[in-house]
Amino acid sequence: METIFGFRREDLTSWNSLVALLNRPTDPASLGIFRCLFGLLMAIDVTQERGLSHLDYKYLDGAPVCRFPLFNFLQPLPLDWMYLVYVVMFLGSLGIMLGCFYRLSCLMFISTYWYIFFLDKTAWNNHSYLYGLIGFQLTLMNGNRYWSIDGLRRPSIRNAHVPLWNYTVLRTQIFIVYFIAGIKKLDADWVEGYSMSYLAHHWLFDPFKVILPVELVNLLVVHGGGLFLDLTAGYLLFFDATRPYGFVFVSYFHCMNSQLFSIGMFSYTMLATSPLFCYPDWPRRFFGRFPAWLRAVLPLTLPDPQPSTSCVYREINSTSTERQETPPVAKAPKLRLKHKLGAIFTILYILEQFFLPYSHFITQGYNNWTNGLYGYSWDMMVHSRSHQHVKITYKDGKTGEIGYLNPGVFTQSRRWKDHGDMLKQYATCLNQFLPRYNISDPEIYFDIWVSINERFQQRIFDPRVDVVRADWSPFRPNTWLMPLLVDLSPWRSKFQEIEGSLDNQTEIVFIADFPGLHLENFVSEDLGNTSIHVLQGKVNVEVVEEKKNYTLQPGEQIKVPAGAYHKVYTVSENPSCYMYVYVNTTEAALQENFTKLFELQERVRNGTETEPLPPELQPLVAAEDEEVNATDPIVQLFLKRQRRMKEVKKRREAGVLERLERFAVKKYYTIRRGFLMTAIAMRNLAVGLPPLEQLTREVAFANMKAPQADACPSTTFSSHFSNKELMVSINMLF
């Protein structure tokens with residue numbers, strides 16, 4: 001048992017022996033390397049996913065913006081002070097990386113990190129939550145005992161043992177991330193391949209498509225492989241015999257994720273956690289292979305850490321006489337309060353982390369079609385959503401006047417559409433802002449249509465409920481949440497058959513609605529051939545302009561006029577299911593014109609075109625690198641499309657060095673802007689605002705972008721956008 005698990009059965013037989021086990025002296029090397037990597041990744045994350053580089057757009061001083069904090073009393077500070085918060089967080093992450101004033105650095109990091117985290121629920125995800133957890137854990141651990149500036153300042157802690165529970169908590173946390181994610185992927189939608197089916201078309205899965213069709217790549221590789229890896233990764237990393245295979249699998253997995261998703265530093269953070277499962281002295285053996293002249297700047301390779309009061313050491317009594325010697329006897333170790341507190345924290349924290357992903361029966365108000373708040377359940381990528389229709393209706397409480405709002409007005413996020421708690425906050429915010437526009441005591445109604453994991457588009461919230469006055473509690477179920485029509489899930493296989501029978505120009509939307517409700521829809525004039533086909537239930541279609549009603553049964557269809565409103569009423573006792581089939585005739589005509597222009601251009605270039613070109617088509621024969629001004633709008637769009645396709649092709653065919661250079665330049669200017677805007681904000685706090693002309697020049701310098709290699713016809717638009725960015729930044733700073 002000690003060979004496999006690292007401890008003996010006797011270590012679990014009593015409280016004192018368990019405390020002694022969890023405080024067993026352990027090499028600090030692996031923990032020190034992880035601390036350094038985590039601090040480095042968090043320093044990069046501050047400028048990236050945390051948003052330092054676009055902070056002036058996120059926190060708009062004085063602008064009417066609806067926000068979604070966890071607690072409504074939490075509000076952002078003025079913009080310059082928010083920059084200061086980010087400076088504290090950045091310095092804290094650097095302090096963690098360097099092991100410099102370690103406890104203070106950890107407190108600086110986690111206090112500002114959790115403040116920003118709680119300030120905006122729309123930015124929550126599993127890996128951002130994980131960063132905060134690891135930062136909290138490191139605050140309580142002895143992460144500065146190895147390869148740290150603190151070790152140089154205080155020789156008493158340099159290369160000193162750390163208690164085993166430091167590793168136990170971190171290893172268990174990473175195990176939970178993998179294993180609970182695997183448990184959540186046992187959901188039927190994931191097992192059947194509906195959660196992330198679009199990933200199978202990504203170029204990363206092309207090698208699998210050589211031997212498998214796309215459908216099996218989606219089912220076996222994307223979903224089956226993800227499920228298997230999450231369920232087994234923790235076990236593979238834990239045991240010595242399987243650890244090499246675990247390293248290969250999780251490294252490949254996280255490298256793929258870094259290309260598949262925009263998840264910031266998460267993939268690299270998880271790669272940095274993998275060595276925690278190795279023997280704690282692995283850095284000594286690894287860096288010991290380097291040349292001696294490099295060891296002055298590398299971590300210590302001395303084999304024996306010094307004792308630490310944070311650990312529990314077994315005392316050995318040896319007695320001897322002249323005639324015989326008795327074997328050494330182990331005395332019971334002396335347990336201090338901090339040793340017991342460390343053991344208590346370890347046990348309670350692990351139990352809490354196993355319980356929290358399944359605590360949704362407590363916070364029932366946050367449950368929607370998926371359970372709980374967002375981020376701590378480890379249900380990563382299990383649910384994908386698409387939104388077809390969002391309508392916000394307001395009603396003046398005094399005059400009864402009804403109007404409509406642009407979805408997303410007064411907010412920078414779209415995530416409120418899926419969560420009842422955010423919708424309540426949004427409605428309350430709109431109720432406060434609309435009186436400024438002569439709308440008194442407004443009622444707010446939301447009609448939001450969502451498809452989850454390729455199901456029917458259906459309403460998620462009751463459109464008849466005034467959300468401003470609707471009851472909502474974090475501990476009671478949401479009464480105005482519409483149920484997910486899971487009984488209709490088997491239709492998804494039929495969807496694939498129907499979509500496979502259509503041509504490339506025909507599109508389709510599947511709708512399900514509840515009895516007593518109706519969908520009001522407007523068909524754009526571009527959609528010249530739109531029809532409604534009933535799949536289940538009974539509907540009544542009202543064409544508003546014609547003032548006519550048509551009742552449809554399953555299997556029947558009707559063509560609806562373009563450029564007009566119509567309403568679809570569900571009149572059956574059970575939910576109705578129907579589909580819109582339509583063709584974008586404008587786009588189809590445009591594509592046909594593009595095809596003709598391309599064929600004409602090819603004939604001119606290879607000399608088979610004998611007729612002279614009219615003046616409006618002359619730009620087609622210009623050299624590829626020649627700048628031309630087309631007068632015909634279709635020719636102009638065609639040439640612009642060709643230039644864009646040429647640029648995309650050039651990027652795809654670029655070599656590794658060119659791609660790395662492009663990536664590095666992009667990140668340089670992003671980070672550069674963050675630091676320059678931070679410097680401006682710190683100067684404003686220290687000495688006040690400068691004259692407007694000076695501030696304009698400073699912000700323009702911070703907004704400077706990388707020079708473009710090739711001139712682009714959209715330069716005018718880019719310049720306009722940069723000027724717009726400039727004016728927004730200046731307004732926010734004032």
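This short talk goes through a helix pair, the nonpolar cores and one arginine in a predicted model.

Let me start with the helices. Two packed helices are described by the angle between their axes and the distance between the axes. Here, the axes of helix 9, residues 164–184, and helix 12, residues 214–238, come within 7 Å and cross at roughly 150°. Because angles over 145 degrees count as roughly antiparallel, helix 9 is roughly antiparallel to helix 12, and the crossing of the two is left-handed. On the side of helix 9 the contact is made by Phe175, Tyr178, Phe179, Ala181, Gly182 and Ile183, while helix 12 brings Leu227, Asp230, Leu231, Ala233, Gly234, Tyr235 and Leu237. Sorted by type, the residues of this contact are 10 nonpolar, 2 polar and 1 charged.

Now to the cores. In soluble globular proteins, nonpolar side chains tend to be buried together. The largest nonpolar core in this model has 89 residues, and those with the most contacts inside it are Phe34, Tyr59, Tyr86, Phe109, Leu138, Phe205 and Trp378. If we leave out residues up to four places away in sequence, Phe34 touches Ile134, Leu138, Leu170, Ala272, Thr273 and Leu276. Apart from this core lies another, of 30 residues, which includes Trp416, Leu430, Ile448 and Ala470.

Finally, where is Arg67 placed? Arg67 sits in the loop between helix 4 (55–58) and helix 5 (79–98), and it counts as partly exposed because its relative accessibility is 21%. Setting aside neighbours within four places in sequence, Arg67 is in contact with Lys58, Tyr59, Leu60, Gln75 and Pro76.

Notes: Residues are numbered from 1 along each chain as its sequence is written. This is a predicted model: local features need pLDDT of at least 70, side-chain atom pairs count only at pLDDT 80 or more; totals for chains, interfaces and linings use all residues. Side-chain values use heavy atoms; hydrogens and water are left out. Axes are lines fitted to C-alpha atoms, for helices over the stretch in contact, and angles run from 0 to 180 degrees between N-to-C directions. Helices (H or I, at least four residues) and strands (E, at least two) are DSSP runs, numbered from the N terminus. Angles under 35 degrees count as roughly parallel, over 145 as roughly antiparallel, 65 to 115 as roughly perpendicular and the rest as oblique. A crossing is left-handed if the near helix is turned anticlockwise from the far one by less than a right angle, and right-handed if clockwise. Contact means heavy atoms within 4.5 Å. Ala, Val, Leu, Ile, Met, Phe, Trp, Tyr, Cys and Pro count as nonpolar, Asp, Glu, Lys and Arg as charged, and the others, Gly among them, as polar. A nonpolar core is a set of buried Ala, Val, Leu, Ile, Met, Phe, Trp, Tyr and Cys residues joined through side-chain atoms within 4.5 Å. Buried means under 20% relative accessible area, exposed over 50%, partly exposed in between (1.4 Å probe, protein chains only).
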